[in-house]
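Here is a short report for a first look at this structure. Please keep the sequence and the 3D view open while reading.

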Amino acid sequence: MGGKSLGVLSLGALLLAALLLAAASGGAEPPPSCDSVRKVFQLRQLGPLGGIPQFPRAGVDLQVCASKNPTCCTKKMEERYQIAAKQDIQQVLQTSSAALKFLISRNAAAFQETFETLIRLAENYTSTLFCNAYRNMAAEATTRVQEFFTDIGLFIFGTDVSTEEFVNRFFDTLFPVVYNHVINPGLTDVSLEYAECLQMARRDIRPFGNIPKRAIGQMGRSLLPSRTFLQALNLGIEVINTTDHLHFSKDCSRALLRMQYCPHCQGLTLSKPCMGYCLNVIRGCLANMAEVDLHWQRYIQSLEELSSAMSGTYDIEHVLLNFHSLVNDALIQAHINGPELSEQVNKVCGPPVRKPTQSPGCFFDQNKHNQGFKMFSRDSEETFANRRKEFISNLRLYRAFYGGLDDQLCGNELAAADGLPCWNGEDVVRSYTHRVVGSGIKAQSANPEVKVKGTDPVISQIIDKLKHVIQLLQGKSFPKYDKWDLRQTGSGEGIDEQISGDCDDEDGCGGSGSGENKRVLKITDSGMPDKTNLSDVNQIHQTNDGSSLDTTGAGCTTMADYMTFVLISLVTLFLSLW
């Protein structure tokens with residue numbers, strides 16, 4: 001039964017080829033009736049059937065599909081075919097780019113969601129540090145923490161804010177709180193006017209040593225590449241949307257009509273254009289789009305280079321999830337240098353002026369702030385770095401997408417297979433005899449099918465945007481971060497010193513007092529942060545004379561599981577400050 005069906009199909013194919021060959025050898029004879037044209041017109045829903053001739057007629061009113069032979073087309077039909085030809089090519093373009101567009105848009109959404117999760121978790125860590133180890137100041141400090149991480153989110157997702165500005169603002173607003181509870185504690189808070197004086201004096205007094213400068217360097221080196229990466233992905237989607245809805249010139253539209261629907265007027269509803277003919281028409285119509293090719297290739301290469309640079313010490317996960325350790329070091333340093341700092345403050349702002357009321361204790365609810373975290377393990381393949389690597393690997397397959405689009409459209413969709421009779425724009429022939437031009441605007445000067453006049457301003461604009469984002473991806477628009485020079489130093493030192501300036505013993509930047517271990521995002525089945533990630537948050541900090549830094553207070557509502565502190569030695573801090 002299968003062999004019989006195959007034989008019938010083969011016989012049908014042979015009959016079709018014979019009909020086409022007959023037309024090719026003797027010229028396209030007018031069809032005895034226009035029934036086949038009517039059926040295709042109806043099937044494609046191109047318009048009302050009333051105006052379609054029953055039999056071929058003289059086509060003196062046709063502008064594009066004119067023929068010396070009688071035709072089944074009218075001027076109205078030709079107009080309908082013109083619309084259909086442009087819709088067909090746009091549909092083919094959108095189908096060809098659908099997988100690429102989905103790849104970029106899906107990953108852009110996934111990366112944005114990952115950044116949002118990292119920001120929330122890092123904020124949680126920092127708030128937990130204050131609530132567990134510095135409870136008297138926790139309520140005031142948590143407000144500063146929330147504002148700081150809001151600024152981080154705004155920066156990553158495109159708002160024009162400065163990392164240096166919001167890092168400095170965080171430590172500026174934190175200083176009055178630290179002064180009031182750690183450096184010069186009192187029964188009540190300092191007044192608003194005195195707090196403002198402390199904020200303005202912070203950068204001169206430098207209570208936190210070089211740690212704010214280190215934070216500025218780390219945030220700049222980690223957040224800026226992540227922000228640029230997201231911007232680049234969104235531009236990639238914009239490029240595809242633009243080329244999917246390309247505006248076709250009048251000459252291109254006429255060429256598309258001639259290639260796809262003029263054979264219908266002669267009853268040749270099954271014919272396909274010759275490969276060379278198809279390439280000339282499509283290359284003429286997509287001449288401006290082909291100019292995107294070089295910049296698209298550079299765009300993908302630059303994305304790949306930036307993705308490789310977004311790892312190591314300045315990986316956004318490492319920086320954000322270890323920020324609470326940096327804050328912890330800053331607080332310890334302020335406590336150690338408390339007496340000297342008090343003297344400096346008295347010289348600048350005078351003796352402390354206090355309010356009659358005491359600030360509230362900690363009301364940070366870890367259960368509330370951990371709700372909604374994504375459930376994914378860092379031991380799985382779905383790490384941020386691995387997903388980035390997988391995305392770039394898949395995107396690399398589309399590096400020559402715009403350079404090979406004409407061959408893809410004609411080879412896979414539009415043109416007749418090699419060896420079969422085909423339509424050359426006028427008749428069914430054995431082969432296309434005109435010269436086949438190359439891709440791009442310059443090559444179209446010799447195109448026999450389509451005349452290309454100048455550049456498309458929409459394509460020129462998208463090329464300019466690609467050039468700009470390539471500059472961003474390569475770090476060339478930011479002299480401070482030239483070419484994302486993320487040289488790995490192992491300890492995390494070196495690069496931020498290049499950004500921040502010189503570092504001396506007084507700065508206290510020789511190392512991290514509590515130690516910055518590589519920390520990555522891991523969410524447990526309960527939806528709470530893994531306790532191992534909070535091990536250095538739950539600590540009582542000792543001073544150099546062996547006494548405990550009293551940071552406890554009443555009213556903390558955090559979970560009991562996080563209320564057990566582990567003593568930490570400051571030998572490492574002393575060695576680094578020596």
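How many salt bridges does the count come to? The count comes to 11 salt bridges, a salt bridge being a side-chain nitrogen of Lys or Arg within 4 Å of a carboxyl oxygen of Asp or Glu.

## Basis of the model

This is a predicted model, in which local features need pLDDT of at least 70, side-chain atom pairs count only at pLDDT 80 or more, and totals for chains, interfaces and linings use all residues. Residues are numbered from 1 along each chain as its sequence is written, and side-chain values use heavy atoms, with hydrogens and water left out.

Side chains of opposite charge can pair when their charged atoms come close. Arg 283 and Asp 407 meet through their side chains in a salt bridge, at 3.4 Å from N to O. Arg 283 lies in helix α10 and Asp 407 in helix α18 (residues 405–414), so this pair ties together parts that are 124 residues apart in sequence. Helices here are DSSP runs (H or I, at least four residues), as are strands (E, at least two), and they are numbered from the N terminus. Arg 283 is buried, with a relative accessible area of 12%. Asp 407 is partly exposed, at 40% relative accessibility. The cut-offs are under 20% relative accessible area for buried, over 50% for exposed, and in between for partly exposed (1.4 Å probe, protein chains only).

Another salt bridge joins Arg 399 and Glu 304, with the closest N and O atoms 3.1 Å apart. Arg 399 is in the loop between α17 (384–395) and α18, while Glu 304 is in helix α12 (residues 292–309), so the pair ties together parts 95 residues apart in sequence. Arg 399 is partly exposed, with a relative accessible area of 26%. Glu 304 also counts as partly exposed, at 22% relative accessibility.

Glu 165 and Arg 169 form a salt bridge with 3.3 Å from N to O. They are 4 residues apart in helix α5, so about one helical turn separates them. Glu 165 is partly exposed at 48% relative accessible area. Arg 169 is partly exposed at 34%. Asp 151 joins Glu 165 and Arg 169 in a network of salt bridges.

Asp 151 also meets Val 161. Leaving aside neighbours within four places in sequence, Val 161 is in contact (heavy atoms within 4.5 Å) with Asp 151, Phe 155 and Phe 166. Val 161 and Asp 151 are 10 residues apart in sequence, and their C-alpha atoms are 7.7 Å apart in space. Val 161 sits in the loop between α4 (138–156) and α5 (163–183). Val 161 is partly exposed, with a relative accessible area of 26%.

## Disulfides

How many disulfides does the count come to? The count is 7 disulfides, each a pair of cysteine sulfur atoms within 2.5 Å. A disulfide is a covalent bond between the sulfur atoms of two cysteines.

One of them joins Cys 73 and Cys 265, with sulfur atoms 1.9 Å apart. This link is left-handed, with -90° about the S-S bond. Cys 73 lies in the loop between α2 (35–43) and α3 (75–133) and Cys 265 in helix α9 (residues 262–265), so the pair ties together parts 192 residues apart in sequence. Both Cys 73 and Cys 265 are buried.

Cys 252 and Cys 285 are joined by a disulfide, at 2.0 Å from S to S. The torsion about their S-S bond is about 115°, so this disulfide is right-handed. It links distant parts of the chain, from Cys 252 in helix α8 (residues 250–260) to Cys 285 in helix α10 (residues 275–285), 33 residues apart. Cys 252 is buried at 2% relative accessibility. Cys 285 is buried too, at 10%.

Cys 274 and Cys 422 are also joined by a disulfide, with 2.0 Å from S to S. Its torsion is about 90°, so it is right-handed. Cys 274 is in the loop between α9 and α10, and Cys 422 is in strand β1 (residues 422–423), 148 residues away. Both Cys 274 and Cys 422 are buried.
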